[in-house]
Amino acid sequence: MHSDEKLSKKRYKKELKRLRIELRRLQKWVKMQGMRVVLVFEGRDAAGKGGAIKRLIKPLNPRFCRVVALDKPTEREQTQWYFQRYVAHLPSAGEIVIFDRSWYNRAGVERVMGFCTDEEYERFLRDAPKFEQLLISSGILLIKYWFSVSAEEQKKRFKKRINSDTKRWKLSAIDLESRARWQEYSRAKDTMFEYTDTEASPWYVVPSDIKRKARLNCIHHFLSMVDYEEVEFVMPTEIALPPKQEELDYERPPIDSQRIVPQVY
């Protein structure tokens, strides 16, 4: 099947189910081995990052898998070392952390929109590879994904959001401005790759004009990046359901003393 051909819903669901079984196995392995995994999701607005993350995390135990999507820095955070607020969210042993946008905000939106100085931007390009090397040297598995969407497909997705009451919240003034500054964002992305697409911490590009394929390809690639094994879970041969506890000398309060959610449906 050519890359520009759509994937049937039936095949998509079948493949997604298979991959999710593998994701559960991978997470068990990560937990058992005490691994620390960081996934970075970047790309243009409406490139499909959120949808891919949603499908990836659905089968995983949220106790050991977190999505980090930070708002703009506070006044206090603006005075800190740039990477400091991201360090606070790094994983502990057995955890997977997914950054839905990351420290690369500085190389993209901050650069294009003028939210940082030239000096801050140039320092970031120098420091980002060093920062990532520190993470890797500490034992963190760092995987960076760039979701690549064409200008025409982004236009379609923006229009769909504009015309949908339930999706309009996804559009911000910055998103719309990013459309007007398409070429500037292209240049910023190319420069970012020039400095930060390193052998130690490479970027993996996910073509995302076809959402279903992008999601499956990203999950499949993530699974290939972890040398995991299936963790055996031995169930006892016989499982007995214990009897309900006998009634105690205790009278429960009346049901009408509680605030019950209205039964509208």
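1. A charge is said to sit over a ring if NZ of Lys or CZ of Arg is within 6 Å of the ring centre and within 35 degrees of the ring normal. In this predicted model, the charged end of Arg44 sits over the ring of Trp182, 3.5 Å from its centre, and the charged end of Lys189 sits over the ring of Phe193, 4.2 Å from its centre.

2. On the basis of the record, the model is a predicted one, in which local features need pLDDT of at least 70 and side-chain atom pairs count only at pLDDT 80 or more, while totals for chains, interfaces and linings use all residues. Residues are numbered from 1 along each chain as its sequence is written, and side-chain values use heavy atoms, with hydrogens and water left out.

3. The structure holds 20 aromatic pairs, where rings of Phe, Tyr and Trp (its six-membered ring) pair if their centres lie within 6.5 Å, and planes under 30 degrees apart count as stacked, over 60 as edge-to-face and the rest as tilted. Trp103 and Tyr104 form a tilted pair, at 6.3 Å centre to centre and with 40° between the planes.

4. Tyr104 also pairs edge-to-face with Phe124, at 5.6 Å centre to centre and with 85° between the planes. Because Tyr104 lies in the loop between β3 (95-100) and α5 (109-113) and Phe124 in helix α6 (residues 118-137), this pair ties together parts that are 20 residues apart in sequence; helices (H or I, at least four residues) and strands (E, at least two) are DSSP runs, numbered from the N terminus.

5. Trp103 is buried, at a relative accessible area of 0%, where buried means under 20%, exposed over 50% and partly exposed in between (1.4 Å probe, protein chains only). Tyr104 is buried at 2% relative accessibility, and Phe124 is buried at 3%.
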